[in-house]
Amino acid sequence: MNRTPAPSPRRTVLAAAALAAVASLTLTGCMAGEDAESAGPAGGELNIDFATYNPLSLVIKEQGWLEDELAAENITVNWIQSAGSNKANEALRAGAIDVGSTAGSAALLARSNGSPIKAIDIYSQPEWAALVTNADSDIKEIEDLRGKSIAATKGTDPYFFLLQALEAGGIDPSEVTVQNLQHADGRAALANGSVDAWSGLDPIMASAEQDGATLFFRDIDFNTYGFLNATEDFLAESPEVAQMVVNAYEKAREWAKENPEETAEILAEVAGIDVEIANAVIIDRTNLNVDPAPGEAQRAVLEKIGPVFVESGDVSSQEQVDEALDTLFDDSLVRNADPAAIEASS
């Protein structure tokens, strides 16, 4: 046959469908021509996450920009919610998503342990983690945590925030009991008294604060940036789609900076929280006006937290951390980003 199929921009075209198409052509003896051309693009899928801790993902999903952009390529956009950086990392490693949102610390942890991901965009510089307790608690400072139980989601920024806070307070991790609970479950455990403290994450943390919880220890320097990560396979096999994703992110950044109240309303709806809480998260605790290219600013933060991975046993050696840090960043898509390309086609 001399039929030339339209190029597929995605590797996720189902193998069974492709084999069925080949079998059909073989049985019918179909040659290039009207029938072949009517088949159209083979299409594919973009599997991408959204998360309440990544406001730009919520804007893109709400506006439908990627769906508009990729419809002509017959590519379906599948949005999968990430409940935390650890869940996003699990999905990236399993190939369940092509693009996922994590904290910088979680991205470095994943790469240090062999996950083939690249950080392709910095979506925010948030103060999204702090140590939280109930208003009537006798815990007032880090030193009061000795001998206490603390909820934290391992593999996420709040977990590494906790480890750094303990170090700052001169407390060995062995002197506390860490309950590995997903963020929402950690808040519930604090509320019902199952734990003494919680290393929280916004917007859940802001909601708890409105309900009377106390943020007794904060330090923005212990928070790492918001990283948008992609699998290496996706970047190699679908560079044009990857560029569209980053274009959409940079358009969303412009939109969110110009429309903070509307961004907060989107967050409130998705997270099921009051608009006042969402405003606190977006306006008071999230800096979107950052250089989106992953580089030296993020490296400086992660160089401080890398040794914590080794000390806590989350990574076997500092060499693994160093190699991961040297290979994690890919700023090429951000450098070529064109937000207007999305706007022109939508």
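1. A cavity here is a set of grid points where a 1.4 Å probe fits but cannot get out, and its lining residues have an atom within 4 Å of a point. The model under discussion is predicted.

2. By that definition, the second largest cavity is lined by Tyr-53, Gly-84, Ser-85, Ala-103, Trp-128, Asp-157, His-183 and Leu-201. Its volume is about 30 Å³. Sorted by class, this lining comprises four nonpolar, three polar and one charged residues.

3. For the largest cavity, the volume comes to about 80 Å³.

4. Around the largest cavity the lining consists of Thr-52, Tyr-53, Pro-55, Ser-124, Pro-126, Trp-128, Asp-202, Pro-203, Val-281, Ile-282, Arg-285 and Thr-286. Two or more of these residues come from each of β4 (117–126) and α13 (275–284). The class count for the largest cavity is seven nonpolar, three polar and two charged residues.

5. Turning to open space, the second largest pocket has a volume of about 250 Å³. Its lining has 15 residues, and those nearest the pocket centre are Gln-164, Asp-221, Phe-222, Val-301 and Lys-304. By class, the pocket lining holds eight nonpolar, four polar and three charged residues.

6. As for the elements behind this pocket, at least two lining residues are supplied by each of β4, α7 (157–168) and α14 (296–312). The biggest contribution is from α14, with five residues.

Key
Residues are numbered from 1 along each chain as its sequence is written. This is a predicted model: local features need pLDDT of at least 70, side-chain atom pairs count only at pLDDT 80 or more; totals for chains, interfaces and linings use all residues. Side-chain values use heavy atoms; hydrogens and water are left out. On a 1 Å grid over the protein atoms alone, a cavity is a set of points where a 1.4 Å probe fits but cannot get out, and a pocket is an open set with protein on both sides within 12 Å along at least five of seven lines; lining residues have an atom within 4 Å of a point. Grid points are joined across faces, edges and corners, and a volume is the space filled by probe spheres set on the points. Helices (H or I, at least four residues) and strands (E, at least two) are DSSP runs, numbered from the N terminus. Ala, Val, Leu, Ile, Met, Phe, Trp, Tyr, Cys and Pro count as nonpolar, Asp, Glu, Lys and Arg as charged, and the others, Gly among them, as polar.
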